[in-house]
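Start with the structure shown here.

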Amino acid sequence: MKNILYHILLVLGMILLTACEKEITVDLPPGKANLVVEASINQQFPNLNYVYISRTIDYFNPDLSLNGVRNALVYITPGTIVGNDTIWNESARIQMIDINTIPGIDLLLPGFSGIYFSTAISPQIGIPYKLEITAENERVIGYTTIPKVAEIDTVFWKQELDEKNGDTNMFVTFKFTDGPEQNNYRLAIQNGFNPYLLGWGSASQFRMFNDGFLNDGVVPYSFFRPFNFGDTLSLYLTSVGRKEYLFWESYARAANNGGPFATPIIVKSNIQGAIGSFTGYGVSFRSVIIR
Amino acid sequence: MLRVLLSLFLIIQAINSNAQTVSGFVKDSALREGLAGAIVKTIDGKKGAATDTRGFYKLELNQGLQTLQISYLGYVTQQITITLTGKNIKVNFSLGSNAISTKEAVITGQRNNKNVTSTEMSKVELSGEQVKTLPVIFGEPDVLKAITLLPGIKSGGEGGTGFYVRGGGPDQNLILMDDAVIYNASHLLGFLSVFNTDAVRNVEVIKGGMPANYGGRLSSILHVNLREGDEQRYKLNGGIGLISSRIMAEGPIKKGKSAFMVAARRTYIDAMVKPFLTEEQKSNGYYFYDFNAKAHINLNEKNKLSFSGYFGRDIFNFKSPTNQLVKFQIGWGNAAASLKWFHSFNKNLYSNTIFIYNRYDLNNKFEFGENGFQLSSGVEDLNIKQDFYFTPNKKHSIKFGGQYIYHTFKPGIATGQVGTITINESINKQYAHEWALYAMDEFKLGNRFTFNAGIRAVFFTQVGPYTERIFDSEGIEIGQGKTYNKSDVIVTYPGLEPRLAGTYLINSNTSLKASFTRTFQFLHLATTSGAQFPADLWVPSSKLVKPQLAYQYALGLFKNFNENLYETSIEAYYKPMYNQIEFKPGANLFFNQNLENEMIFGEGLSYGIELFAKKKFGKLTGWIGYTWSKSTRQFDEINQGNPYFFRYDRTHDISLVASYQFNKKWNGTLVFVYGTGNATTLPTSRFAYSPGYDLIDNEPKYTFIDVYDKINDFRLPAYHRMDISFTYLQKQTDKFESSWNFSIYNLYNRANPYFIYFVPDLEELRIKAYMVYLFPILPSVAWNFKF
């Protein structure tokens with residue numbers, strides 16, 4: 001709603017033809033350097049099981065890199081739920097390896113740092129997982145579970161000619177089945193030919209939604225903005241836990257925060273000892289060529 | 001009980017019946033409306049009285065020949081000689097307007113040393129005509145913008161109509177239009193208020209020392225009184241501005257007995273800007289409109305009925321330029337109606353009985369092909385007020401009465417059809433009774449002391465139907481709690497609000513005043529922003545949400561100079577506030593059943609000193625006000641529990657208004673305002689997140705997220721600007737008047753901060769800060785007419 005109103009105001013601002021801006025100098029005090037963690041596991045794509053570790057930096061620090069933290073000890077351990085307790089299977093603990101220790105990776109993926117990865121991990125739906133990190137004498141711990149997958153049933157589209165520029169607009173809708181339980185979704189959309197995502201951040205767009213309005217039924221999800229004729233569209237409809245959803249929902253608002261009505265948004269971390277999230281994704285994947 | 005009280009007062013009145021009373025109304029001869037604050041006094045000046053808000057006066061005089069003088073700023077003074085024979089008589093006066101001085105921008109309602117002698121502190125009044133003489137933006141005179149030029153009342157910032165009184169929040173101001181509550185007083189997202197100045201008779205603002213007949217909000221009362229309508233002849237007023245036009249018609253229904261007033265306004269901003277918009281933007285449309293209607297009938301000398309109504313809406317339409325299936329409409333606005341019965345029991349006792357309905361609602365319609373849904377929210381009140389005014393003798397002026405409001409809160413209703421799923425969801429409605437009983441007496445002790453002692457008893461009861469819904473720490477509904485049937489009491493908050501004010505008259509031109517108030521507020525605005533949005537919700541006090549509470553202590557020295565030509569005052573106030581409400585950082589307020597658990601509760605403190613000097617008469621009139629103040633908030637969950645500056649804390653605030661009457665045709669007004677920059681929260685650090693590798697561009701992708709350590713720790717640059725306006729009276733006859741208002745807003749082109757944003761510059765490898773400012777120097781013109 002606030003975004004809509006902000007756009008109204010932008011239109012009005014343009015209407016008034018008076019809004020101006022100028023660069024100013026802002027003197028901000030230095031902030032504390034906190035650890036930041038993004039840990040992701042899923043049941044389908046091994047390339048999307050990774051942990052990213054970095055630190056916050058002063059707001060006006062000219063460093064615009066990932067600022068990854070190296071030489072951390074990172075472990076992911078599966079568990080078993082027994083009654084109200086979780087028993088962690090230490091023998092199945094997997095150590096995630098700093099990819100920058102792999103010879104040649106700096107040349108292959110320049111600028112990528114602070115990423116920890118392992119091909120040995122094979123997460124499963126419904127299993128609890130524990131994340132343990134020791135980095136620069138700080139300890140981080142987090143928990144997640146991969147929820148049940150909501151399968152994408154169908155993907156279809158409608159073709160319309162844009163008379164203004166001669167393009168063919170492709171309006172895409174997909175349907176999925178939402179179960180009776182409370183479900184939370186993070187939808188990643190990859191537009192364009194790309195064999196796989198190297199990190200969730202390489203997706204083109206994201207959407208956050210839950211079943212507060214539309215529960216227990218076949219749900220159509222329509223993209224209001226059209227794609228182009230011939231586009232390759234990859235949809236990753238992921239089910240996430242509630243805490244993970246609250247983190248990514250607050251993250252989405254923080255990432256799009258700005259304008260006159262912006263309020264400070266603090267992301268709702270679901271890990272202890274750092275800012276960030278440990279998220280188990282139950283992925284339903286569908287890739288189509290729209291034509 | 002009421003009968004017993006009335007009988008008691010009638011007995012008291014009988015005891016005093018030997019007094020010879022002269023009473024009546026002082027009215028504007030053209031508008032036929034009562035003049036508030038007109039002076040009726042004996043020619044020797046020994047006895048006199050000021051008219052009340054209806055233009056009513058009452059004098060106790062000796063028998064024999066008496067010469068009365070009736071005066072009111074901007075009107076021709078009258079004298080009349082009457083013979084008093086022992087019987088109480090009624091004498092009404094009609095004063096003719098003085099064309100020159102009615103154009104002066106001065107505060108009305110205080111013609112002599114009333115500001116010194118009365119117990120009122122912190123009360124100011126502006127007339128609709130005065131608002132029109134002030135410099136305006138886009139040719140739109142605005143009541144709410146005008147009052148922010150008064151000391152102690154601060155503007156929310158560039159372009160907004162939000163106002164903040166003595167460190168209070170925007171929801172702590174009770175905004176009334178002819179006694180009906182206006183929950184969202186803004187059009188155009190705050191750029192204009194809902195008040196059509198053509199329909200406005202006057203505006204009263206009480207920012208402290210709130211008398212016992214008012215309550216419900218912690219910080220201020222803003223009462224906008226609409227015009228009554230001319231009982232003698234038909235008139236047409238209007239104005240054409242750059243972005244909207246307005247028109248007002250009034251006239252007699254039955255000459256001398258009843259009258260009507262209707263007014264309308266609409267913006268044509270949508271039509272005017274279309275040529276400047278891109279093709280994509282042209283599919284959007286925005287406009288607002290509002291209607292006012294008022295009518296009254298004098299049934300007889302003792303009874304008068306009046307009706308007032310308002311309806312206004314803002315409409316925003318959107319059609320996707322790329323997807324014809326997608327469209328939505330957002331509409332929001334207020335509706336209000338009040339029916340008022342004035343009844344005079346006798347010369348000492350009269351009453352007002354008012355029935356009021358008011359509503360604020362927001363409706364959103366979304367459509368995408370065969371799917372669509374509607375979302376609506378709002379608040380609705382049914383309200384009855386009963387006020388008695390009793391003057392048993394010269395030394396006592398008593399008011400007593402009560403008020404009852406039935407509130408209905410509709411936080412959100414969603415209906416529609418999406419795919420196979422039918423949407424029929426709603427956030428629980430809430431219902432509440434709000435009661436108040438009050439009594440107050442303004443009385444004199446000797447020649448120097450005057451006191452106003454009052455007490456207001458308030459009760460707020462949340463009632464059913466309501467079903468408690470229980471949520472876990474992650475915001476998931478895990479069950480239902482207790483169910484309350486209709487009228488079942490969920491929670492009750494009683495409260496006593498003592499109101500005390502006193503004046504010590506040092507001499508006829510100097511007084512020392514003090515006041516103390518305790519106020520509760522049972523309604524709260526759910527917003528996370530400084531501006532008021534259409535989607536902001538009003539929520540009631542409940543089991544979890546305790547009523548807000550404030551105390552205010554004020555002390556003032558008032559002194560007039562040069563036979564009341566100049567008024568000056570210095571006031572200090574101290575205002576602690578409790579049960580203040582904020583929302584958790586990042587809280588989602590939209591369609592959230594679990595809204596109460598997003599709230600956090602804390603305290604506030606505000607204190608300051610206000611200086612005020614005013615020149616009331618002559619070619620040059622105006623005022624200058626200076627405020628030094630500090631306002632903080634403290635919440636355990638915010639800013640590590642440490643107190644932080646309220647967003648609108650403003651250490652220094654200056655307002656200067658000067659109006660000069662060059663001749664009968666030309667009047668000029670200059671306005672200068674200065675305020676310390678608003679306190680704002682800026683990020684202290686950032687981090688990169690959600691990395692991915694773009695195999696096509698062969699580089700990493702990630703997003704920067706801001707980190708905030710301290711709240712409102714940064715000050716925006718100071719706000720200051722100068723405006724100037726000239727009003728040219730083009731033609732003035734008995735039947736037609738037209739004038740032009742030429743304004744220049746922001747005369748020296750000050751870039752005042754609206755907001756700051758940051759952009760990483762990947763080429764220069766640094767973060768750049770930009771300040772957006774809305775209005776550079778802006779000339780505008782408006783044409784106003786009267787038939």
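## Domains of chain A

Chain A is assigned two domains: domain 1 (31-145) and domain 2 (152-269 + 279-289). These bounds come from an automatic or database domain assignment. The model is predicted: local features need pLDDT of at least 70, side-chain atom pairs count only at pLDDT 80 or more, and totals for chains, interfaces and linings use all residues. Residues are numbered from 1 along each chain as its sequence is written, while chains are lettered from A and ligands numbered from 1 in the order in which they are written.

The centres of domain 1 and domain 2 of chain A, taken over C-alpha atoms, are 24 Å apart. At their contact, 14 residues of domain 1 of chain A meet 13 residues of domain 2 of chain A. Two residues are in contact if their C-beta atoms, placed from the backbone, lie within 7 Å. On the domain 1 side, β2 and β10 (138-145) of chain A each give two or more residues. β2(A) gives the largest share, three residues. By class, that side has seven nonpolar, seven polar and no charged residues. Ala, Val, Leu, Ile, Met, Phe, Trp, Tyr, Cys and Pro count as nonpolar; Asp, Glu, Lys and Arg count as charged; the others, Gly among them, are polar.

## Overall build of chain A

Chain A has three helices and 19 strands. These are DSSP runs, numbered from the N terminus: helices are H or I with at least four residues, strands are E with at least two. Along the principal axes, the C-alpha atoms of chain A fill a box of roughly 65 × 55 × 40 Å.

Of its 291 residues, 39% count as buried, meaning that 20 or more other C-beta atoms lie within 10 Å of a residue's own, with C-beta atoms placed from the backbone. Among contacts in chain A with a separation of 6 or more, 66% join residues 24 or more positions apart.

## Contact with chain B

β1(A) and β50 (residues 766-773) of chain B pair in the antiparallel sense over five bridges. Pairing requires at least two DSSP bridges between two strands. Which residue of β50(B) is the bridge partner of Glu23(A)? The partner is Tyr770(B).

Methods
A residue is buried if 20 or more other C-beta atoms lie within 10 Å of its own, exposed if 12 or fewer, and partly exposed in between; C-beta atoms are placed from the backbone.
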